[in-house]
Every structure is written in structure tokens, then in C-alpha cells.
Amino acid sequence: MTDDSAELERQKLLYRLQHIIPRSLSTSSFYNNKLQIPSSNKTSADGPQDVEFQMTWGKVAARIWGPPDGRPVFAIHGWLDNAGTFDTLIPLLPKDLRIVAVEMPGHGLSDPFPPDAAYNFMDCLVAIERFAKYFKWEKFSFICHSLGATMSMMYAGIYPDKVDKLVQLDIVRVETTKPESIDYRLRKTVGKLLKYEAEIIAGPEKPFSYEEAIEKCIGGTFGSLDKKACDILFKRGLKKVEGGYVFRRDRRLLAAPLSFAPKEDQLILARKVTADVLIIKCSDGPDFETAENSLEHVEALKTNAKRVQYVIVEGKHHTHLTNPELVAPIITEFFNT
């Protein structure tokens, strides 16, 4: 074996040790450890605090905005994004909100799941409840985008007494499972998961330039992100390595989750929601399902929700990040009413 080959094998082994082998798989330390605030990431009194929560499998990162005694709010980002997605919006919202923007596992600065633990975004429901208990929040609100908003919608139906206000950014609910194609979807997901797993075992991704990363993100979101938005998300979502950059997100997230979300189940949960609900849909955002299906869910929410408001704003899927001035006044009025 040549020196170059030996060095390559050493790098692959190091990568496996750092990113694949499970860490801290002993008893849970979440309730035993205090909130950890990295000194190097502290911000000014008016800005957010970057914090970490230690779990059994690694750490979960978050950004906390607002006064400690403010109105409690969870902010959850969308698929493949991170807590930076709220960096331009939150400064425009009421100053009395205590907003905890949590990064889901495998996103941003949060650690990925171990290789034998598959991503199932229903786990987010457990995480929300765990954090609510940690902060001792008996009642709180949500401001969530895309995938994060689907989880908050479900949580509000499961724990209606705990949710005060629900803000959904460019999505109504989880994309419903279609019975006629469920076998194909799950088969395709299993194939992708095994493909990405093999790629991870083979070693780290090939680095690319910062400009290429921007092109990937703008193209991958069909122009929903612009360069400025990429710069913001890259602060937590891009890592500098030898030869360029790589994305921090777990590659396994590129496969759809192995989960079910039947329409009938979601309608039942929608009828149990008692919170005030604000749905902000972007005019040029993706249509995850038909307008008729979305309207059916909105009507189901009106069964017990105190208020249901549906607003359409100009823009694409990440308008809350690229043009927060279009969204912030609507959310502010919603919270102050």
C-alpha cells in the first residue's frame, strides 16, 4: 500500500469514527446536564444565544431569542434547513417573545442520528414534549416552516391544551400518504437509505467551492433561496474542510422518511386543535397537495380552534427568510390580538 493510499484509508477510518459510530449511548443525560452555552458563540444582549442540549446519541443545537420571561415560542425549521432560517424574521417580531429555534437531528449544528437509528420525523413530537418539560413550559406557541410546521400542527392536535398559537409558514400539514403508491414510496426510500449509507461508509463527500454550494442550494430549491439567504443558512449548514466545503446535514435525510401520514388521521387531529391558527401560504411556493385537500384540513381546524386565519403572500417557499418584511407584520398582529 502506498503512502497516499494509507493516508486515504486513515482519513476514511477517522470519518467513520467521527460520524458513524454512535456516541454516548448510555443512559439519557438530557435532564441531568445543564444547558450548555458555548462561550465562543455568545452574542450581544439583543441577539440570539447559541446553545446545545446533550442527548444520549449526541447534541441538539438551538438558538434562543428574547427575554427569559417572554411569551414562550418554539420555532422549527424546514427539511434540510437549520435554525438560521429565522435569523431575518425574528428580529422583526414582538420583543416580548422568548423563541427557542431548535435544529432537528442531522440538521445544522445538531448531531446526526447513529447509523442504526433511522430518521422518522414523528420523533419530533417527542422532542417537542421533552423540551417543553425541560423549560417547564405548560403552554406555548409555535412559529414553524415547512417540515417543522407539519410537526407543530400534529403536536397541537395531540396536546391541544398546551398550544396557544400556531403559525404555519407555507404548509398546512404533513403531505398525506397515498395508499395506491405507498409500496412504491417505501421501496424507493429503502433503496435510497441503503445507497446513502454505503456512500457514508465509503468516506466523506467530495468538497466543493462556496460558489458551488450556493448554486446547489438555489437550484435545489428552484430559486426559493437567494445568495443572501444561502449565506445565512451556511453559517450553520456548511463546514469548511480541506479542499473546500461540505454540507453539515446528514446525507440520509435526502431520502424520504419511512413513515405514514394518512389524511383521515390528520383530519381527526385537526378537529382537536384549540389554538389560534395562522397559515401563511406563499403564492409561488410548492403545492404539497391539492387545494381541495388543504381547504378540507383548514375547515377541520375550525371545529375547535379559537381562530383560523389563512393568508397568501407574494413569494416563494423561503419568503420568511428572503423577504421577512412581508411576513413579520402578519405574525406580529396575530400575536398581539
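Gly108 touches Asp81, Asn82, Glu103, Arg236 and Arg248 when residues up to four places away in sequence are set aside, contact here meaning heavy atoms within 4.5 Å. The model is a predicted one, in which local features need pLDDT of at least 70 and side-chain atom pairs count only at pLDDT 80 or more, while totals for chains, interfaces and linings use all residues. Residues are numbered from 1 along each chain as its sequence is written, and side-chain values use heavy atoms, with hydrogens and water left out.

Gly108 sits in the loop between β4 and α2. With a relative accessible area of 9%, Gly108 is buried; buried means under 20% relative accessible area, exposed over 50%, and partly exposed in between, with a 1.4 Å probe and protein chains only. Leaving aside neighbours within four places in sequence, Gly106 is in contact with Asp111, Pro112, Tyr119, Arg248, Arg249, Asp250 and Leu253. From Gly106 to Arg248 there are 142 residues in sequence but 7.7 Å in space, C-alpha to C-alpha.

Turning to the chain as a whole, there are ten helices and ten strands. These elements are DSSP runs numbered from the N terminus, helices being H or I of at least four residues and strands E of at least two. Of the 337 residues of the chain, 49% count as buried. Among contacts between residues at least 6 apart in sequence, 77% join residues at least 24 apart.

What lies in the interior? The largest nonpolar core has 50 residues, and Phe74, Ile128, Phe140 and Phe142 have the most contacts inside it. A nonpolar core is a set of buried Ala, Val, Leu, Ile, Met, Phe, Trp, Tyr and Cys residues joined through side-chain atoms within 4.5 Å. Helix α3 (residues 147–158) gives the most to this core, with seven residues. Ile128 touches Phe74, Ile76, Phe140, Phe142 and Tyr155, again not counting residues up to four places away in sequence. Apart from this core lies another, of 25 residues, among them Val73, Phe86, Cys282 and Ile331.

Helix α10 (residues 328–336) has Ala328, Ile330, Ile331, Thr332, Phe334 and Phe335 as its buried residues. What covers them includes β3 (71–76), β4, β5 (140–145), β6 (163–169), β9 (276–282) and β10 (307–313).

Two helix pairs can be described by their axes, which are lines fitted to C-alpha atoms over the stretch in contact, with angles running from 0 to 180 degrees between N-to-C directions. The axes of α5 (residues 210–220) and α6 (residues 227–237) come within 10 Å and cross at roughly 110°. That makes α5 roughly perpendicular to α6; angles under 35 degrees count as roughly parallel, over 145 as roughly antiparallel, 65 to 115 as roughly perpendicular and the rest as oblique. Here Tyr210, Ala213, Ile214, Cys217 and Ile218 in α5 meet Lys227, Cys230, Asp231 and Phe234 in α6. This contact of α5 with α6 has seven nonpolar, no polar and two charged residues. For these classes, Ala, Val, Leu, Ile, Met, Phe, Trp, Tyr, Cys and Pro count as nonpolar, Asp, Glu, Lys and Arg as charged, and the others, Gly among them, as polar.

Helices α7 (residues 263–270) and α8 (residues 291–301) pack at about 30°, with their axes 8 Å apart. That makes α7 roughly parallel to α8.

Finally, two residues deserve a look for their backbone angles. Most residues other than glycine have a negative phi. Leu80, in the loop between β3 and β4, has a positive phi of about 70° although it is not a glycine, and is partly exposed at 28% relative accessibility. Lys136 follows α2 with a positive phi, near 60°. Lys136 is exposed, with a relative accessible area of 70%.
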